[in-house]
Amino acid sequence: MSATPWQSRATRLRARVQPLLVQAQDRWRNLSGRERKQIAAMVAVVAMAAVWLLLTKPALDTLQYWGNELPRLRSQAAALKDVLADAGGPGAAARSASGPPAARLRASLDAAGLAGGYQLREAGATWQIEFERTEDVSRVMAWLLDAPASLGMAVRQVTLQRSDDAASSEPKNRLRASATVAVQEQPGNGT
């Protein structure tokens, strides 16, 4: 049975390293106890310095950087939120609107550019919204993500239905959307 290339390389490497190991062991034995302690201490100091430089210091620097950066990012996010509210995003009209929930929903939907493209039906404590124009799907999704929460409402159910039936007279990949929203219960009000 012949040796594999891996085994022959290992054998050659062992033949080269073996004399060096024997020489190092002889030198270690010839050192006094004090010199051995000094070398061990030096190796420990070098190992601790390597751990500090390679692991600990970069982690601490990262923590310090983000500790300094987070307040700036939070203030920028607050400023951006104010600018978006002033620009009239979907939730801007809703935050300023008052009155019955249905009127707030209509005002919010109209402010989001969905005027005339939806039907709003009240069903007890919830409102069913049927979105009729499928080209407004991105506006509908943006509204669903932002406006109901700013109105003090929660989205209970969203249904997206794609109709790509070849027999249909509707264009390909047409979407229908409907959503159910309800007024959120306020914690601590006894309900």
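**A tour from surface to core**

Keep in mind while selecting that the model is predicted.

Now show both rings. The aromatic pairs here number one. The ring centres of Y65 and W66 lie 5.0 Å apart with the planes at 80°, so this pair is edge-to-face; the angle cut-off for that class is over 60 degrees.

Next, select L60. This leucine sits in helix α2, which spans residues 33–87. L60 has a relative accessible area of 43% and is therefore partly exposed.

Now leave the surface and select L105, L114, I129, F131 and W143. These belong to the largest nonpolar core, a set of 19 residues, and they touch the most other members. Colour the elements that each give two or more residues to this core: helices α4 (101–111) and α5 (137–150), and strands β1 (118–123), β2 (126–131) and β4 (174–183). Of these, α5 supplies the largest share, four residues.

Which residues is L105 in contact with, leaving aside neighbours within four places in sequence? Select L120, W127, I129, W143, L151, M153 and V181 to display them.

Definitions and conventions:
Residues are numbered from 1 along each chain as its sequence is written. This is a predicted model: local features need pLDDT of at least 70, side-chain atom pairs count only at pLDDT 80 or more; totals for chains, interfaces and linings use all residues. Side-chain values use heavy atoms; hydrogens and water are left out. Buried means under 20% relative accessible area, exposed over 50%, partly exposed in between (1.4 Å probe, protein chains only). Rings of Phe, Tyr and Trp (its six-membered ring) pair if their centres lie within 6.5 Å; planes under 30 degrees apart count as stacked, over 60 as edge-to-face and the rest as tilted. A nonpolar core is a set of buried Ala, Val, Leu, Ile, Met, Phe, Trp, Tyr and Cys residues joined through side-chain atoms within 4.5 Å. Contact means heavy atoms within 4.5 Å.
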